[in-house]
Amino acid sequence: MNRVNRYIGIDLGTSSVKLLLLSENGIDKTVSRDYKVSYPAPNYSEQNPDDWYDQTVCALDELLEDTDRTSIKAISFSGQMHGLVMLDECKNVIRPAILWNDGRAVREVDYLNNEIGRDFLLKHTGNIAFAGFTAPKLLWVKNNEPENFSKISKIMLPKDYLAYRLSGEFATDVSDASGTLYFDVSNRKWSDEMLEIIGIDKTKLPVVRESCEVIGNIRRELANKFGLNDDVKIVIGGGDNACSAIGTGVVSDGECNISLGTSGTIFVETNNHNYDKNSAIHAFCSASGKYHYLACILSAASCQKWWVENILNSDYDISGMEQYLGKNDVIFLPYLMGERSPINDPNAKAIFYGMTLSTTREQMSLAILEGVAMALRQNIEIIRLLGVNITKSKICGGGARNRLWLKIIASALDIVLEIPELEQGGALGAALLAMNRPEIAKQFYRVREIIKPDKALAEYYDKKYRNFKNIQNKII
């Protein structure tokens, strides 16, 4: 009888860590543990890295219950990107990690984009500066906490801290490193020019690997604690969006995945590195050995949540909205938290436009769904101009459960939407990287349902998109 080998994917999110146990036959089990985010000041967002590790260890113990622990072959990671973890010479955490959604480094972003210059940044990293990226955070620590900056022995990203605690090895991967703004994306290596600007020696950075590479074995004391073999491999894994692409089968040139969560992301795989000089669309390395474009709109499902809970204070009737499909004059710009892609304006504000005395709440509810679709389309259009012919996309996230929204997005973007049978995102992607057997991974990429664009609605949204852009240009 053939022995079943198993693999563990660890997805380190902002609010929780999720562990997934995978075999060649399917997903055996998932476990998650929550932890807190600290907001010590306006626009600050921090976490204690030890909380990540402690909750991961607790979840791992539960995940392995009633499992042949000697069947575990490898562990890999997916993680929230851009976070700054700093260790001292004793390998202790110097200060709480500054997270991806922390906005304190406004002056540092202005310095990088306007004094160092966007052309310089694009040349040496393939991206411009955002407050969420790691380089501005490091400059902020240097400018505001010089004592902490002087203590730095190692600089890590969140998932890489977990990999270090499990293996004792300091490593990162190309997809996660791409979001630091001191990584040369085109050449898949640290940027000497950017490190000089920040004032960081390369010896303080982890070694860079491809996402499927083994960086070491699990530490002996942990193997003994959990009853695992000493030779369980630790595979470095990737950033959360790159791992979600692996988990949904977006691994070939031109393939696309849309995530419709609190924010909205568009991930497009591409064989070659390229970037648009005039927009805030990221150009990163992918976890599959290639490259990808990543666009992020900061408010997607959060727009709907805000409207229902804060304004309507009740549920809304989808059937009441459908009567206005193709004939809704109200336009919504979904900038409730400013905007990242493609306009990169933290001060952008959401607006309703086109209302009259006859406007109904159903029209306004519909306009919110349409506005998010228009913001997604704006990024899709830019990626298309870069030479990628996007005709279909996987779609996942909580917002994808809204059938009307799927119809709107498919028609507004004029693409076919594919709903995956399995929606385990980064955790599944990490487990597949641990397995590293593409021929087996294909069985996890089955599509549950296909949503096709409505031709008449697509023509209507072409006109509405032009109006959306005109209003955006006047307001922003």
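Predicted model: local features only at pLDDT ≥ 70, side-chain atom pairs only at ≥ 80, totals over all residues.
1. From helix 2, the residues E108, V109, Y111 and L112 meet P136, L139, W140, N143 and N144 of helix 3. Sorted by class, this contact holds six nonpolar, two polar and one charged residues.

2. The geometry of that pair is as follows. Helix 2 spans residues 106–125 and helix 3 spans residues 134–144; their axes come within 8 Å and cross at roughly 115°. The crossing of helix 2 and helix 3 is right-handed.

3. Helix 12 (residues 361–385) and helix 13 (residues 403–413) have axes that come within 9 Å, with a crossing angle of roughly 35°. Here too the crossing is right-handed.

4. On the helix 12 side, L366, L369, E370, V372, A373, M374, L376, R377, I380 and R384 take part, and they meet L404, W405, I408, I409, A412 and L413 in helix 13. The contact of helix 12 with helix 13 comprises 13 nonpolar and three charged residues, with no polar ones.

5. The surroundings of L138 can be listed in detail. Leaving aside residues up to four places away in sequence, L138 touches L84, M86, F149, I152, I155, Y182, I198 and I200.

Key
Residues numbered from 1 in each chain as written. Heavy atoms only, no water. Axes fitted to C-alpha atoms, helices over the stretch in contact; angles between N-to-C directions. Helix = DSSP H or I, 4+ residues; strand = E, 2+ residues; numbered from the N terminus. Left-handed = near helix turned anticlockwise from the far one by under 90°. Contact = heavy atoms within 4.5 Å. Nonpolar A, V, L, I, M, F, W, Y, C, P; charged D, E, K, R; others polar.
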